[in-house]
Every structure is written in structure tokens, then in C-alpha cells.
Amino acid sequence: MNASSAAEPQIAVDDLVKRFGQFVAVDHVSFSVGRGEIMGFLGPNGAGKSTIIRILCGLLRPSAGRALVAGIDVAADPEAVRERIGYMSQKFSLYRDLSVEENLKFFGGIYRVPRDQLPERIRFATQMAGLARREKDLVSTLAGGWQQRLALGCAVLHRPPILFLDEPTSGVEPTARRQFWDLIHTLAADGVSVLVSTHYMDEAEYCHRAALINQGRVIAIGSPEELRHTALGGELLLVEGENLGSMLAALREAPGVLDCSVFGNALHVLVGDAERSLRELPAFLAKRNLRPGRLERINPSLEDVFVQLIANDMAQRSRAA
Amino acid sequence: MNTVEPIIEVHGLIKRFDAIAAVDELSFAVDRGEIFGLVGPDGAGKTTTMRMLAGVMRPDGGSIVIDGVDVIADPEESKQHISYMPQRFGLYEDLTVDENIRFYADLFEISASTREERARRLLAASGMTKFRSRLAGQLSGGMKQKLGLTCALVHTPQILLLDEPTTGVDPVSRRDFWRILYGLREDGVTIIITTAYLDEAERCNRLALLHGGRALYCDTPHALKQRMPGAIVAIVSAAGRRARAAIAKLDGVRNALLVGDGVHAVVDDADLRIPQLRSALQRANVPFSEIAVSEPSIEDVFVALLENDRTPR
């Protein structure tokens, strides 16, 4: 599944720039997505995620740089690109007053699925979405999770080798969200390359690789495992105990502590060397009459990682400015 | 929490919309100075519960007592004790940040000097100081939410009801938001917050997992994780689908979820099953680099508890 090593990337972005007047929305971005790879796009609102996706779909012209999708330059031939991609937006863009089947027929027409193949493709899509025998149901009567899977079915009716999903899981309940990701993995296993943006940081776990975007730049990219272990610049400890406020103040001054913040009933402490801090912190706190209840090393969440990276990036930019 | 007397007591709360019980005999209690989460997917009854707590919707049954006041009998009196921030907080988009704060301060008859001091502190905490003269309509989603919170806090309530304040808010603003909530907790404010982000639930002192208008469980995040039926075994493998195929049908494997770098298997007993999983992977010639117990997330717990709920016993 290590698709990034495949010879021909399905998406290849090289030094891409998009300006809106003075504003640089996409700032020299480069990355690639291999065949059958699931690439996550994460970042704060306004980071440039949707702008990049729109450029790759041939809907926006880049100001500079190059983007190849299925080997085609998106600036030179956006029409040809659009035939090879599927796109699903946050709002699912379904017709709520039409039935499941009517929606699929409509999108089949838009994507120019040949008439003789349409029944088979509709069968495929309804089965994939788990909507077989509900073809006549109105979309408005379906729960969010079903609508979401139907929208995905519409986006893959024409068998695109590349799929763009823009925040596809917003407002879907957890069980349905897991089923949706299972479908994405099934498509990827069949060779479809998937670029998916999300603001659920925990969803990066489902991606083969994830890129973190901030203010138009890719500030980190890698597998969930790589991001967790290399990007944080330290190791994470969990500290519980009475008197969290005083503990927080004390730990901020402690040697080897890079950062400290409240998290629920506990503190998250970023340290340079976990083993050493686990040895030294109890004595440091005891001297200040503070006794941690629980003190242990924990695995950082991807949200921990991203928030730290964004903070680093902001600090770097303000130094440069 | 050592306080004996809860500040909020909800008992047997019911709200029906036609035949559907949106809230179905819900009971919970919140201690003073706690951040209490009502957590669950859309349609679980979170917002309906919040509206009844805020005294803006009448329940069909049950009782709500906030700080000694019966909310159902005397909603106006209870409003003296609470501040309620609905999902769509009423910001005036054509007023500036400062003007919005002034409006809410006047509504609650806050003196100008107190208002100024609080506004300065809250805006600094949320990184919004330099946007004070910007129109509210031109703020990003995250900033609007932080301004809403500032307005809701300008009269320093003892109890704060926040309905999905972080929905659609980016992770950095979300952290700012929580930092402010933790500061309020230090000052003794009691907070009830609803969220559909299950990862956010970990930040609450205690939480109720809501589904279909009922609380499945109500406990600290740590204790809820102990209730996870079984354990999660993370298998790191570049051949995730093959790994799943090799283990999905084994005894004791309840579920197997594909993730970016492998498979998460929900098993009944990790110590017993890990050797069996390992040999099944080896028999099927599936390469893997790691197989180990992984701490469940609140989402894992929620999904597993729901599945247990549906399984006939």
C-alpha cells in the first residue's frame, strides 16, 4: 500500500502559487499523491485547503507553478482533468426532493456516463452506499450518513481514478463516519487516489499520509506515525493531581519542560526527554509542596502535533516579518 | 470534585416532539466548578436538553434545579444565575466587536469600567485584541464563536451553558476557546458544554454520552475508557486490508477498522488475542512491524458501547 513510491504519481503539485490581489492563498506548495493513496489535507479555516482542491479540479487557475492531475496539466486542459476526477463537497450537493435513483441518473448525465453503462454503475453506487432497495426513497428522508454515502456514490459514478473530498464528514455521526472511511479505503484499494480535506484532526489517522496546511503553505507532511513521532519536537507527559493551577505554573518553570497546558482533569506537558523528566519532575514538584497523582508518558494525538506545528510556524513567521 | 451539593440537578427530563422523545428520562447532576460535557452525535438530544436547562423550552416531564431554583417553575429567576450561548449566538454583524460587547454589557447593566476590564482580559485570552474595531460580520467562524463567548461572559455568570460552541471552529481557535474555559473553571464557574466532537469530550471533567435522548453513561473520561468492552490492538502494517482480512474472522475479534498505517482491532481480551493475531498474520504472510494495545479514544468507547447496546442480551 506504500503507494507514494509508485512510479507515476496521480497528483503532482510543484511550487504552486495562487494570489487573490495582494493576498497569497497558496504559497509555493509542492506535494504528490500516488495511485491508491489516501492523502489528508488538514489545517485551520482559511489555510488554503479548498483553494488547492479547486485548482486541482480545474476550477481555478494557478498564478504560478504547476499541477498535474492524472498526468494532465490543470492549467492547460481543465476539461480533460474534470473527466478524470470525482468531487464531493461538504454540502453533499444532492437534490433533496429527488429520489436516490434520480440523483444518480442526474449525476450520471453530468459526468457523461455512457447510457448503456449507467444501470450497472447505478447498481454499483447504490450497493456501495448500502442503499440497494432504497432507490425510490427521497434523499430528504435519508439520515446524514446515508446521504453522505450517496454523495460519494454520485462522485464515483464515472469511475474516476482520482477523488477529491472537501470536508466530507462534517456533521455525520461516529458510526457512519467509520463506515464512510471504510468505503474510502475500499476505493483506494481498487487504485483510486483520494485527496480529502477535514477539520477533524483525528481523521488524519485514517489517511496514508497527511499534509498540514497553514497560511497557504504545507508545514508538515507524512504518515500519521511519522507526524506523531517527528513533528512535535519533544515527548508528551500527562500529569494529574490536586491543585492543577499551581502545578501548571510550577511546571512552566521546570527544567526540560518546553510547554505545559491544561487538558481536562490533567496537564499535558511537552518535554525534551521523557525518561529524564519522569525521573526528575516528582522531586521538583515535591520541593514546591506539589504531589502529582498520575505522571506518565502518553502518545500525542495528531491534534497535539498540529497545534504545536502551527504555533511553531506562526512564531517563525513573526520572527521573519 | 469534593463539593457535596451539586449546583445543577436534572431528573427524569422528557421532551417529546410529536411521537418522538427527543429527550427520554434524562438524569444527571453537575458539581460546582465542573466542566460537564453532553456528548453525542447529531440528534442525540444535546441542544434540546440545553434549551430546557436555559429555561427557553418547557419540558414535558422531569425536573431541573439550578442553584436551588426550579427552572421549570421559575425560568426568569434561573436566568439570573446562568449565561446561555446557543449555537447561533445573536451577534450583530453590522456592529464591531467592541460595539457587540458594549451591547451585551448594557443589557446586563454592567458598568463601563468593569466591562472594559473584562473585555480586555477576554479578548486578550482569545487573541482578538487587534480585531476590536472589526465588524462582527467580517470575522472568521472561530473568531465569531470567541466573540460570542466574550459577550456571554461579560456579566460573569456562575453557570455557563454552551451549545456546540466549537462546531466548525478550527483546531487552533478551539484550543484558545478551551483555555478560556479552564480559566473560568479556576474562578469557580460551572460549565455545561455540548459537543459532537468526541475527541473534545476528553477535555471535560465529566461527561454524559448521549444517544437517542438518553445518557448511555456518565463519568470522567478516564473512567469511561475503563468501560470499553474489550481492548484495541493496533497493528502497524503497510498491507492494512490484507491484515484485516487475515484477522477479521478470528475468535474474539469484534471489529477491525482500517486506519492509515494499518488496522485497529477491537478484541475481547488483548493478552489472550495478541499472540493469536500475530500468528494469523504470519500464516497469511502479511508483513507488519508492530502489534500492541492502544489506548481507546472516547469515540472508540462510544461506538463499542453502542454496538453492545444493539446486541440483544
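1. Among contacts in chain A between residues at least 6 apart in sequence, what percentage join residues at least 24 apart? It comes to 70%. Keep in mind while reading on that this is a predicted model.

2. The C-alpha trace spans about 80 × 45 × 35 Å along its principal axes. Of the 321 residues in the chain, 47% are buried.

3. Now for the meeting of the two chains. Chain A puts 34 residues in contact with 34 residues of chain B. On the chain A side, the elements that give two or more residues are helix 6 (174-189), helix 7 (224-230), strand 12 (257-263) and helix 10 (302-320). Helix 6 of chain A gives the most, with 6 residues. By residue type, the side of chain A that touches chain B splits into 14 nonpolar, 13 polar and 7 charged.

4. Helix 10 of chain A packs with helix 6 (residues 171-186) of chain B at an angle of about 95 degrees, and their axes are 10 Å apart. An angle of 65 to 115 degrees counts as roughly perpendicular, so that is how helix 10 of chain A sits to helix 6 of chain B.

5. Which residues make that helix contact? From helix 10 of chain A come E303(A), F306(A), V307(A) and I310(A), and they meet P171(B), V172(B) and R175(B) in helix 6 of chain B. The residues of this contact divide into 5 nonpolar and 2 charged, with no polar ones.

6. On to the cores. In soluble globular proteins, nonpolar side chains tend to be buried together. Here the largest nonpolar core has 113 residues. The members that touch the most others are L56(A), V69(A), L163(A), V194(A), L195(A), L267(A) and A265(B), with residues from chain A and chain B in that list. Helix 5 (residues 144-155) of chain A gives the most to this core, with 6 residues.

7. Leaving out residues up to four places away in sequence, L56(A) touches I11(A), A67(A), V69(A), V74(A) and F164(A).

How values were computed. Residues numbered from 1 in each chain as written. Chains lettered and ligands numbered in written order. Contact = placed C-beta atoms within 7 Å. Helix = DSSP H or I, 4+ residues; strand = E, 2+ residues; numbered from the N terminus. Nonpolar A, V, L, I, M, F, W, Y, C, P; charged D, E, K, R; others polar. Axes fitted to C-alpha atoms, helices over the stretch in contact; angles between N-to-C directions. Parallel < 35°, antiparallel > 145°, perpendicular 65-115°, else oblique. Buried ≥ 20, exposed ≤ 12 C-beta atoms within 10 Å, placed from the backbone. Core = buried A, V, L, I, M, F, W, Y, C linked by C-beta atoms within 7 Å.
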